[in-house]
Amino acid sequence: MRYAYYPGCSLDATGRPYGESVNAVAAALGIELVEIDDWNCCGATAYMNVNEVLSFCLSARNLSQAARTGGPLVTACSACFTNLRKTEAYLVKFPNLKSKVDQALAEGGIRYDGGIETKHFLQVVVEDIGLDRVKTMVKRPLHDLRVAPYYGCQIARPYGIEDNADNPEMLDRLIAALGATPTYYPMKTGCCGGSLMGTREEVALRLCRNLLLCAQQDRADCIAVTCPLCQMNLDAYQGRINRVYGTDFHFPIVYFTQLMGLAFQLKVEDLGLQRCIEPATPVMARFTQEAP
Amino acid sequence: MKAAQETVLYEQAMDPQFLDEVYGIPGGEKIKDCIQCGTCSGSCPVAWAMEETPRKIFAMIRAGMRDRVLDSLTIWTCASCYQCAERCPQEIKVTDVMYMLKRMAIRENRKRSKHARALSEAFVAIVNRCGRNRETELMARYMLTADPLGAFAAAPIGWSLRAHGRLPLMGSRVREIKNLRKIVAKAQELGGE
């Protein structure tokens, strides 16, 4: 299957292990990801604070580039996913906004007529490829691994995946297909604080503490994530959370694509598991060694 | 009597235009449908860290309490998680309204807008230059402008990301950057609302 692929800015930097594992898993499943030509930043949540038309223009330009690449558009970052889907929906719904966006794009010699559907890579795996196919790829089932399925906020919300917004199950089902055990994890769509980790750290730290506490109550071995910002907040700040709250959390925060790669027995280095700041290797070691 | 006077807001302090300004965003007209049910406040994961909950903010917007709303800590506490917008029975785009309030507060250089403005300005400067965000530069710029002392506290997190290959010094950029800048300039000219 062929897709236009929008990696987004984080997947080159803090989300590098996500980019690496998406590529590795896609190759294993025969998914062809064609990076859209000359893509730009989606604007994240920061552009909305400055200029609304501009933030829609950024995503509209990416959608236009995707239209030229052809095929459905896929991204792995939940923030990019939300912005692309929201832009597509708003351009259809609000003609006044569309006319401004059209005028601005025209200055750069670009036109976007709509019609691009954006999917999250999780949807591609679960809906397009299908869990039956995923199961056939599993060489080393992740038995006895308890995984907290953390969707984060934006993937399931108004512009998100067509799953139950309060209790999505797509990731749960994928985790089960890999042989692991998805935990109940009632905070599965809770918020990690996003960029509040920069602007109001004490608020974001407490949100992340609660997410980690919930995983602990679930007796989870690790937390699976679908968004680079959730991963960074929970992983890179886990040490600080322990200091501030006197806790002793050591949860590996892994991308669902890393778990897939592990079950497919792809090379650990290709999955970027060594890039987890809270080490993933102690928990994952039993799946990386030769089967007895 | 003095205490009572300070807690009462008189009509002169209200700005009847305020509601119309908020009304201008796509879907903004829905704000008049608010039934004050509190679903937004009940759903908000950060309501505990706000001064006024989202429900109160909506009542205040409709009452024209411009200064109180734009100076409130509430708008800087919203994490844009969309839980309120997902659940609002009146289909008010609560998150978009919060974005709108942030834009107004940043434009008017309101107190408490400092951190969010520093982050947004650093972000926008990088994207306008390169077309893509560079997280390493963003973190450095933001910390140095908004919170130089905090930069010391944040440094170990930066170093550990870097040690794990997650904060590269160089980044990729958009090839057609000149055309992108033309789009940016035109969008800014056309205005946000």
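**Exercise 1. The fold of chain B**

Work out what share of the contacts in chain B between residues at least 6 apart in sequence join residues at least 24 apart.

*Solution.* Start with the term: two residues are in contact if their C-beta atoms, placed from the backbone, lie within 7 Å. Among the contacts of chain B between residues at least 6 apart in sequence, 60% join residues at least 24 apart. A word on the source before we go on: this is a predicted model, where local features need pLDDT of at least 70, side-chain atom pairs count only at pLDDT 80 or more, and totals for chains, interfaces and linings use all residues. Residues are numbered from 1 along each chain as its sequence is written, while chains are lettered from A and ligands numbered from 1 in the order in which they are written.

Next, take the secondary structure, with helices (H or I, at least four residues) and strands (E, at least two) as DSSP runs numbered from the N terminus. Chain B has 12 helices and 0 strands. Its C-alpha atoms fill a box of roughly 60 × 40 × 30 Å along the principal axes.

Then look at burial, where a residue is buried if 20 or more other C-beta atoms lie within 10 Å of its own, exposed if 12 or fewer, and partly exposed in between, with C-beta atoms placed from the backbone. Of the 193 residues of chain B, 42% are buried.

Chain B has domain 1 (2–107) and domain 2 (114–190), and their C-alpha centres lie 29 Å apart.

**Exercise 2. Confidence**

Find which element of chain B has the lowest mean pLDDT and which has the highest.

*Solution.* Recall that pLDDT is the predictor's confidence in each residue, from 0 to 100. Chain B has a mean of 89, and 95% of its residues reach 70 or more. Where pLDDT is low, the predicted coordinates should not be read in detail. For the complex, the predictor gives an ipTM of 0.90 and a pTM of 0.94.

**Exercise 3. The sheet of chain A**

Give the strand order of the open sheet in chain A, then place the helices that lie across its strands.

*Solution.* Strands pair if DSSP finds at least two bridges between them. The 4 strands are ordered 2-1-3-4, with parallel pairing. Strand 2 (32–35) and strand 4 (118–120) of chain A are the edges, each pairing on one side only. Between strand 1 (residues 2–6) and strand 3 (residues 73–75) of chain A there are 3 bridges, and A:Tyr5 stands opposite A:Val74 in strand 3.

Helix 2 of chain A lies across strands 1, 2 and 3, at about 155 degrees to strand 1. Helix 5 (residues 121–137) of chain A lies across strands 1, 3 and 4, at about 85 degrees to strand 4.

**Exercise 4. Where the chains meet**

Determine how many residues of each chain take part in contacts between chain A and chain B.

*Solution.* Counting gives 52 residues of chain A against 56 of chain B. On the chain A side, helix 4 of chain A supplies the largest share, 6 residues.

Key. Domain bounds come from an automatic or database domain assignment. Axes are lines fitted to C-alpha atoms, for helices over the stretch in contact, and angles run from 0 to 180 degrees between N-to-C directions.
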